[in-house]
Amino acid sequence: MLFQPVNKNYHEFCIDRDPDLCISCKVCVRQCSYQAHFFDEARQKVVHDNTKCIGCHRCEALCPTAALNIRNKPSDFRTNKLWRPVFLQNIYKQADTGGVLLAGMGSPVDIPVYWDRMLLDASQVTNPSIDPLREPMELKTFLGAKPRKISVENDKNGKPSLKTKLSPQIELEVPIMFAAMSFGAINFNLHQAMARAATETGVVYNTGEGGLHKSLYKYGRNTIVQVASGRFGVHLDYLKAGVGIEIKVGQGAKPGIGGHLPGEKINDKVSETRMVPIGSDAISPAPHHDIYSIEDLLQLIFALKEASEYKVPVAVKIAAVHNVAAIASGIVRAGADIVTIDGMRGGTGAAPAMIRDNVGIPIELALAQVDQRLRDEGIRNQASIVAAGGIRCSADVVKAIALGADAVYIGTATLIAVGCTICGRCYTGKCPWGIATNDPKLSKRQNPDIAAKKLTNLIHAWGHEIEEMLGGMGLNSIESLRGNRDKLRGVGLSDTELDILGIKHAGR
Amino acid sequence: MKRVYPDKEYCIGCHLCELACITAHSASKDLIIAYRDERAASGLSPCKRVFEKGDTCVAISCRHCDEPSCVAACISGGLHKDPETGRTVYDRDKCVGCWSCLMACPYGAIRRHPIENKIVKCDLCEGRAEGPACVQACPNAALKYEER
């Protein structure tokens with residue numbers, strides 16, 4: 001196009017506007033936060049600029065006459081298995097800017113998705129399946145350290161009571177939690193929606209590293225507060241506000257990398273919650289500057305336990321990396337009550353694309369190894385395992401629990417439930433769905449009443465499906481599935497993969 | 001009585017309510033025909049308008065006030081309060097187009113008909129089975145049709 005740099009014309013998407021249907025009502029013009037649609041005064045009609053389209057589908061979703069279709073641009077570079085178009089595009093971009101490639105949301109790269117390579121069992125003849133609509137089905141889950149054994153004493157009348165002192169636990173009606181997405185990265189409306197949905201469904205949501213707005217303290221019974229390397233919004237009341245504290249060491253999407261919330265996203269509410277000035281960048285360092293060893297981590301865990309008077313479990317979240325099992329073992333020995341493992345497909349508001357797409361390992365392999373290692377060392381009871389990063393449906397949840405997870409975090413799925421189309425431009429702050437933005441005009445696209453309802457529905461729907469799958473396997477409690485890898489079989493996996501996952505091949 | 005209440009906190013300024021309004025009040029009941037043809041031919045226009053200032057926007061239409069200034073101002077009996085439904089009802093045949101109601105309305109919710117000497121005012125989509133069209137079309141529940 002005229003006056004455009006040459007490689008601007010290698011854009012990703014095309015906007016198809018059906019001239020028979022388009023009435024130039026400008027709904028698309030008002031919805032597009034990237035100005036891809038505009039009213040052309042000379043032609044007196046709505047037109048568009050394909051180079052600006054990011055493929056979020058907001059216009060398509062709201063077009064009242066269904067005149068719009070967003071599709072991939074059909075023009076292809078010459079087929080080359082090595083130099084795929086994405087590499088060409090990236091190089092053109094970097095040759096123009098000289099900058100690091102930024103990316104949002106989880107990695108789209110083509111690495112094996114092991115969830116799709118594992119199949120569940122069901123009961124036939126020899127053991128009865130269970131109908132969850134007719135018989136009790138228990139999904140209740142407790143996160144926290146469990147005693148090695150319990151002792152019971154009987155009083156004079158023979159009535160038993162528990163003698164063992166139990167560690168604090170997080171009680172979940174369904175083994176699903178809303179993952180850590182900080183206030184600032186996503187806006188207040190969604191934080192409120194997650195808090196309300198968690199309260200409604202009896203699960204918990206994680207505040208992320210951006211602190212907890214004072215108006216959300218009332219949802220504390222369904223909140224895990226996070227402490228990350230930036231220590232944003234961390235103070236005594238915050239630590240005592242929830243039912244758990246999570247130390248975030250790493251994130252699946254960007255292991256080894258800190259965070260950077262651009263100043264444009266720091267408005268008055270974010271500022272008071274994070275305790276940083278309005279408009280200043282909020283930078284989370286890559287490491288915690290007080291953690292350089294397992295011993296240092298132990299100190300922080302116990303500092304937080306001390307501060308919260310040993311009333312809530314302390315979790316440590318790490319990214320799934322090569323030696324994840326050994327690291328997890330150290331974390332448990334350092335006193336963590338919950339270990340959260342975030343796989344490489346986990347989402348992010350912003351990460352360098354090279355890190356997101358090339359660092360870390362898939363959650364399935366990491367989860368299986370961590371569970372096995374903790375069992376082998378006889379310390380599995382000392383901590384619960386939470387799996388995160390790329391959980392797409394209730395079957396993934398069931399498979400994760402069979403691999404050894406106590407519960408899962410859902411982050412991307414949470415956002416999709418409220419409209420996200422994974423366009424991956426979270427880092428621009430212009431999210432057309434009103435999610436990853438604090439722009440007052442855009443963030444009100446998320447009405448917390450609607451969002452809370454959608455999230456509640458999602459948890460209920462997945463809960464029902466989990467009950468159905470459990471019933472089919474002849475189990476009436478999620479406890480009976482936990483770490484029960486006999487319920488899983490692999491398809492099309494190598495011996496090494498099966499060995500790491502600790503499952504048999506289908507047919508065996 | 002049930003009224004349409006706008007919520008400026010969550011109005012996203014998409015103007016879909018206006019499009020729903022003209023469709024519901026069109027002869028064809030088809031948005032494309034209504035917008036392209038009926039607007040030009042018969043001056044079809046929405047009873048409801050989205051007002052914007054800065055980051056705030058809100059969709060304003062007749063509030064069917066308990067004590068409507070427009071009814072008091074009307075010189076021809078073209079506006080009256082229905083004692084049963086509570087609605088402020090517009091009788092197009094009686095309207096003489098003096099615009100007294102426009103000036104009396106404190107909300108600016110009454111508008112001139114673009115080509116005829118008449119007014120355009122919300123009738124709460126009387127007779128429409130699904131209720132007011134604007135409420136049904138609002139993608140963000142920023143319009144509520146309810147008793148308050």
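Colleague: Which residues are linked in a network of salt bridges?

Modeller: Seven names to look for: Asp371(A), Arg375(A), Arg380(A), Asp406(A), Glu479(A), Arg482(A) and Arg485(A) are linked in such a network. Please keep in mind that this is a predicted model.

Colleague: What makes the contact of Arg380(A) and Asp371(A) a salt bridge?

Modeller: The side chains of Arg380(A) and Asp371(A) meet at 2.7 Å, N to O. The cut-off is 4 Å between a side-chain nitrogen of Lys or Arg and a carboxyl oxygen of Asp or Glu, so the pair qualifies. As background, side chains of opposite charge can pair when their charged atoms come close.

Colleague: Is Arg380(A) buried or exposed, and how do you know?

Modeller: Arg380(A) has a relative accessibility of 15%. Buried means under 20%, so Arg380(A) counts as buried. Asp371(A) stands at 2% and is therefore buried by the same rule.

Colleague: How many salt bridges does a search of the whole structure find?

Modeller: Over all chains, the search finds 33. One of them joins Asp449(A) to Arg196(A), with the closest N and O atoms 2.8 Å apart. Asp449(A) belongs to helix H14 (residues 448–472) of chain A and Arg196(A) to helix H4 (residues 188–201) of chain A, so the pair ties together parts that are 253 residues apart in sequence.

Colleague: Why is Asp449(A) called partly exposed?

Modeller: Its relative accessibility is 39%. Buried needs a value under 20% and exposed one over 50%, so Asp449(A) falls in between. Arg196(A), at 25%, is partly exposed too.

Colleague: What makes the meeting of Asp342(A) and Lys317(A) a salt bridge?

Modeller: Here the N to O distance is 3.7 Å. That is within 4 Å, so the pair passes. Asp342(A) sits in strand S18 of chain A and Lys317(A) in strand S17 of chain A, and the two residues are 25 residues apart. Both Asp342(A) and Lys317(A) are buried.

Colleague: What makes strand S6 (118–120) and strand S23 (504–505) of chain A edge strands?

Modeller: Take the sheet as a whole: it is an open one of three strands in chain A, ordered S6-S22-S23, with mixed pairing. S6 and S23 each pair on one side only, and that puts them at the edges.

Colleague: How do you know that strand S22 (residues 488–490) of chain A and S23(A) pair?

Modeller: They share two bridges, in the parallel sense. Pairing takes at least two bridges, so S22(A) and S23(A) meet the rule. One contact to find by eye is Gly490(A), whose bridge partner in S23(A) is His505(A).

Colleague: Moving on to the two chains, what is the area buried between chain A and chain B?

Modeller: About 1800 Å², with carbon and sulfur atoms giving 57%. In chain A, Ile23(A), Lys441(A) and Lys444(A) lose the most area to chain B, together 34% of what that side buries. The contact involves 24 residues of chain A and 23 residues of chain B.

Colleague: What makes Lys441(A) and Glu52(B) a salt bridge?

Modeller: Their closest N and O atoms are 3.7 Å apart. The limit is 4 Å, so the pair counts. The count between chain A and chain B is one salt bridge, while nine residue pairs are in polar contact across that interface. By class, the side of chain A that touches chain B has eleven nonpolar, six polar and seven charged residues.

Colleague: What is the phi of His15(B)?

Modeller: Positive, about 70°, although His15(B) is not a glycine. His15(B) lies in the loop between strand S1 (2–6) and helix H1 (16–24) of chain B. With 11% relative accessibility against a cut-off of 20%, His15(B) is therefore buried.

Colleague: Where is His64(B) found?

Modeller: In the loop between strand S3 (56–60) and helix H3 (69–73) of chain B. His64(B) also has a positive phi, of about 50°, without being a glycine. At 1% relative accessibility, under 20%, His64(B) is therefore buried.

Note on methods:
Residues numbered from 1 in each chain as written. Chains lettered and ligands numbered in written order. Predicted model: local features only at pLDDT ≥ 70, side-chain atom pairs only at ≥ 80, totals over all residues. Heavy atoms only, no water. Helix = DSSP H or I, 4+ residues; strand = E, 2+ residues; numbered from the N terminus. Buried < 20%, exposed > 50% of the residue type's maximum accessible area, 1.4 Å probe, protein only. Contact = heavy atoms within 4.5 Å. Buried area = accessible area lost by both parts, 1.4 Å probe. Polar contact = N/O pair within 3.5 Å; in protein donor to acceptor, adjacent residues only side chain to side chain. Nonpolar A, V, L, I, M, F, W, Y, C, P; charged D, E, K, R; others polar.
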